[in-house]
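Let's take a friendly walk through a protein structure together. Have a look at the sequence and the model, and then read on.

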Amino acid sequence: IEKYNFRYSFLITIFLLLLACQSFQKREGLKEKQLWIGFLFVIFVFVSSYFLSKQSFSMLFFINLFFLIGYFLLFKINIKYHNLFYSFALFLFLFLELTVQYKNNFVTNKSIEKSYKLYTEENNLCEILNQYPSFRMEGFVFNSNENLICHKGKISEFNTMNDQKIYNFFQDVGFEVYSSWINNYFENYEMINSLLGIKYFYSKEDLSDIYKNVDSFKIKNQEYFIYENENALSIGYAFEEHNKKESYKNNFDAQNDFLEYLTGIQVYYPLSMKKINKNTFEVEVKNDPIYFNYKNLYNLDLYMNDEKSDIQKKNDDDEYKYGNIYIENKYPNQTVTLRIESDYEIDEKDVLLYSLNLEKYKQALNLLKKESLHNIQIDKNKLSGDITLEDEKTLFLSIPYNSNFTVLVDGKETEYRKLYDTFMGIDLEKGTHHIELVYFPKYIFIGILIFIFTCFFGIVYHMKVKKMSNIVIFY
C-alpha cells in the first residue's frame with residue numbers, strides 16, 4: 001500500500017479531472033505534434049532514470065514502458081476519431097494499469113500470510129528473533145517486512161509515514177536516506193543506534209569489533225550472527241534539555257550536537273591530518289575507535305602503514321554503503337600513514353577522519369541510563385512503561401513526533417511536544433510515573449467524509465454536464 005498511494009493514485013485523479021474538462025472531451029488544443037513531443041520526452045526521462053540509477057531492466061521496466069506506449073497510441077487515436085468506443089478503450093487501459101500496479105505493489109493478506117509462513121514455519125526466523133526481548137532490532141534476511149511480521153521495531157527501510165524532519169535528522173547524522181526509506185549500517189553509527197534503543201542486530205557481517213556476538217543461526221545454508229548492543233538505551237529516558245545548532249559542518253558535528261542536546265557532552269573529535277601527497281596523509285591516532293567518511297566509496301581502498309584496512313563497504317544485500325565507515329584501530333597512540341587508493345585524486349577537504357572518545361561516550365550514556373523507561377509493554381497501537389525521576393525533567397522518547405498520539409501520565413491525558421525537531425517529549429514532575437501512548441489517526445473520519453462528498457458531487461456534476469450537452473460520458 002505504501003508504494004501505491006504516492007506513485008499511482010494520481011492516475012485516477014488526473015483521469016477524473018480530464019473527464020470533467022470540456023476541452024479534453026472535445027480534444028481542443030491538443031495537437032498531434034504536442035503529443036509526440038510529450039511522449040518522446042516522457043520516454044527519455046523514463047529510460048534515463050534507469051541508466052542514471054544503474055537499475056537493471058527488469059520486467060517492471062518493460063511493463064511500464066508498455067503502458068506508456070499504450071497511452072500514447074490511444075490518445076493519438078482519440079484525437080483522430082474521438083468517439084465513445086476509443087474513450088471506453090482508454091478507460092479500460094487505465095483500469096488495466098491500475099490492476100497491474102495493484103498486483104505489483106499492494107501488500108495483500110495472502111502475501112502477508114505467505115511471508116509469515118516463510119518466517120515462522122519454514123525458517124523459524126520469528127522464533128529466533130523473539131528470543132531476544134527488545135522492541136528494536138535491526139537486520140535483513142528476506143526483506144524489510146520481516147521485522148514487522150516478527151513484531152520487532154527498526155529505524156531503517158520503508159518509512160513512508162515519516163515526515164521530512166525525520167529524514168533530515170538521519171541525513172544530518174550521516175545515514176543513507178532516500179525518499180521513503182533509511183539504511184542503517186550497523187557498525188558505522190554505534191552512538192545513534194544506542195541513543196535510539198537498538199539493542200540487537202542480525203547480519204552476515206562480522207560486527208564483533210563493536211557489538212557482542214551472542215548467537216547465530218542458519219537460513220538456506222547462509223549463516224547469520226546475532227549481536228547485542230550493550231550500550232543501547234531504553235526507548236525513553238529523562239534528560240535536561242540543551243541548545244540545538246541550526247546547521248552542521250558534517251555528520252560528525254551533527255551527531256555531537258544531538259548528544260550535546262541530550263547530555264551537554266560531545267564525543268567525536270577530528271584526527272590531526274597532514275597531507276604528504278595526493279592520496280597519502282600523516283595521521284595522529286588516539287586510543288579510540290576511528291570513523292572514516294568520504295563522498296564516494298566506490299573503487300576505494302584504505303591502507304594504514306601500508307596494511308590494507310578491512311572496511312565493510314557493502315551491506316548484507318551486496319550494495320555499496322554510504323556515509324561513515326568504521327575502521328579498526330590497530331595503531332593506538334601512534335602517528336600512522338593513511339593512504340587512500342582510488343581511481344581519482346582525493347580532495348583533502350572531503351576526507352573526514354574522526355574518533356569517538358570512549359570515556360566521554362560512556363559518561364553520556366550512563367547519565368541517560370540513570371532515569372529511563374522500564375516495564376515497557378507494547379500492544380498494537382499502545383505503548384506503556386514506568387519511570388522514576390529524582391527531579392523535574394523531560395522524558396525523551398525515540399519515537400518520531402506525531403500529533404496522532406494521545407499521552408497519558410498516571411492515567412491523565414497530558415500534552416507532549418516535539419524535541420530536536422524530530423522526536424517526542426513529555427515534561428514530567430519529580431516522582432514515579434506510569435506513561436501510556438495511544439496512537440490513532442485523528443483525521444481518518446474527515447478523510448472518509450471528504451472522499452464520500454467528492455464522489456457524490458463528482459457524479460452530480462457529470463450528470464449536470466451530460467444534461468447540458470450532447471456529449472456522452474462513460475462511467
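This is a predicted model: local features need pLDDT of at least 70, side-chain atom pairs count only at pLDDT 80 or more; totals for chains, interfaces and linings use all residues.

Start with helix H12, which covers residues 251-263, and helix H13, which covers residues 358-369. Their axes come within 10 Å and cross at roughly 45°. An angle counts as roughly parallel under 35 degrees and as roughly perpendicular from 65 to 115, and H12 and H13 are therefore oblique to each other. The crossing in which H12 passes H13 is left-handed. On the H12 side, the contact is made by Leu-259, Leu-262 and Thr-263, while H13 brings Ala-364, Leu-367 and Leu-368.

Now turn to the aromatic rings. How many aromatic pairs does a search of the whole structure find? There are 26 of them. Let's zoom in on Tyr-401 and Tyr-416, whose rings sit 5.6 Å apart, centre to centre, with 50° between the planes, making a tilted pair. Tyr-401 belongs to the loop between strands E20 (393-400) and E21 (405-409), and Tyr-416 to the loop between strands E22 (412-414) and E23 (417-419), so the pair ties together parts that are 15 residues apart in sequence.

Are these two tyrosines buried or exposed? Buried means under 20% relative accessible area, so Tyr-416, at 17%, counts as buried. Tyr-401 has 26% relative accessibility and counts as partly exposed.

Finally, look for the aromatic cluster whose members include Phe-169, Phe-170, Tyr-237, Phe-258 and Phe-423.

Conventions. Residues are numbered from 1 along each chain as its sequence is written. Side-chain values use heavy atoms; hydrogens and water are left out. Axes are lines fitted to C-alpha atoms, for helices over the stretch in contact, and angles run from 0 to 180 degrees between N-to-C directions. Helices (H or I, at least four residues) and strands (E, at least two) are DSSP runs, numbered from the N terminus. Angles under 35 degrees count as roughly parallel, over 145 as roughly antiparallel, 65 to 115 as roughly perpendicular and the rest as oblique. A crossing is left-handed if the near helix is turned anticlockwise from the far one by less than a right angle, and right-handed if clockwise. Contact means heavy atoms within 4.5 Å. Rings of Phe, Tyr and Trp (its six-membered ring) pair if their centres lie within 6.5 Å; planes under 30 degrees apart count as stacked, over 60 as edge-to-face and the rest as tilted. Buried means under 20% relative accessible area, exposed over 50%, partly exposed in between (1.4 Å probe, protein chains only).
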